Amino acid sequence: MVKSVMVAYALWAVAGPLGLHHLYLGRDNHALLWMLTLGGFGFGWAREVLRIPAYVGEANRDAEERKAPPTVGPPPVGPVRFVGQVCVGIYFGTVALIALNYLSFFYLIILPLCVGAGVHLVSCIGQQTSDLQKTLTTCLITSPIFYGSSLSPLPISLAASVTAAQYRRVKAPRTPGCTPELGPRLCRLGLAWLAFSAPLGYCIFHNTTATMYYLSDCVSALLDFFWFLPWLKNVFEYILLMPYRLLCVLTGGGYYDDAWKKVLEILLKEYTEKEKEALKVFSLDAEASLEDITHSYRGLAKTWHPDHNPSKEAEAMFIKIHEAYEVLLQRHKPRRFT
């Protein structure tokens, strides 16, 4: 079936960040990448406005062109592809750090495999591919060097990207008349998407408070990065708050000046189990303010301090009180909202 440039552009405009146009053109790896990164973090989707005709041309090559002998030697190294491999490898590694860091041998096995999967996915876009085994082996060899570091996805992704570029090759021609059916293709894409999103979703829903605090700190740090360009900072803030503004319009609610704080208040209505246990230590209810928590902490800390309390359980109780206070302090910690 001949593919249409107009249809491809229409799908790109309607659901481009979800990879629908790549699914139409039979570029399943590209479609999966766009599903997991929302169009290559937006940048890849915007870049495709100039690339779609070439994609359609590849999809429309006839059987004789497909049976032509492949190009001798590896394809040229593209800087965009290499940067994409590094970025997606870091992205997959960061998701793993958030969702899977409680697993055994995480830094030795789980993290490098996740980074390697991200790098290999980008290396398989279009007519190229690479050696998955060598890419994953490089990740496993590199990971012990940076064991325990939250920045380890960066060097692992760089090493894997160099290996993927070194062992790149042109994909084998597709056998004429053997195009996979849409149903199995959608099934494979759905399973891949679930494998990626399920652990992250589980982590988010079971650690909502910590996750939202982490995200809010990241957003605040991103906005603070543009302190020297206030207008650009305002533009980013406007874009990031667009869903919240739209929600206010649809529900008829008022728009708050202290928007980031209100967003957190909406999302963080309930205490986590860890915070509930911390409240029990201070014999406080869920409505307790930071002042109430601090007052109770100071009283209990003075009572159970090992220097003032000679009992055997004093030290353990003092540590428990301090840890409970740190948990509750994290919830009430002031954020750098604009």
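This is a predicted model: local features need pLDDT of at least 70, side-chain atom pairs count only at pLDDT 80 or more; totals for chains, interfaces and linings use all residues.
Local features need pLDDT of at least 70, side-chain atom pairs count only at pLDDT 80 or more, and totals for chains, interfaces and linings use all residues. Residues are numbered from 1 along each chain as its sequence is written, and side-chain values use heavy atoms, with hydrogens and water left out.

Trainee: Which residues of H9 are buried?

Mentor: Helices are DSSP runs of H or I with at least four residues, numbered from the N terminus. Buried means under 20% relative accessible area, exposed over 50%, and partly exposed in between, with a 1.4 Å probe and protein chains only. In H9 the buried residues are Thr135, Thr138, Cys139 and Thr142.

Trainee: Where on H9 do its buried residues fall?

Mentor: The buried residues of H9 are Thr135, Thr138, Cys139 and Thr142. The arc is taken from the directions from the helix axis to the C-beta atoms. Seen down the axis of H9, these residues fall within an arc of 100°, so they line one face of the helix.

Trainee: Which exposed residues does the face of H9 turned away from its buried side carry?

Mentor: The buried residues of H9 pack against H8 and H10, where contact means heavy atoms within 4.5 Å. The face turned away from that buried side carries Gln133 and Ile141.

Trainee: Over the face of which residue does Arg27 lie?

Mentor: A charge sits over a ring if NZ of Lys or CZ of Arg is within 6 Å of the ring centre and within 35 degrees of the ring normal. Arg27 lies at 4.0 Å from the ring centre of Tyr55.

Key
Helices (H or I, at least four residues) and strands (E, at least two) are DSSP runs, numbered from the N terminus.
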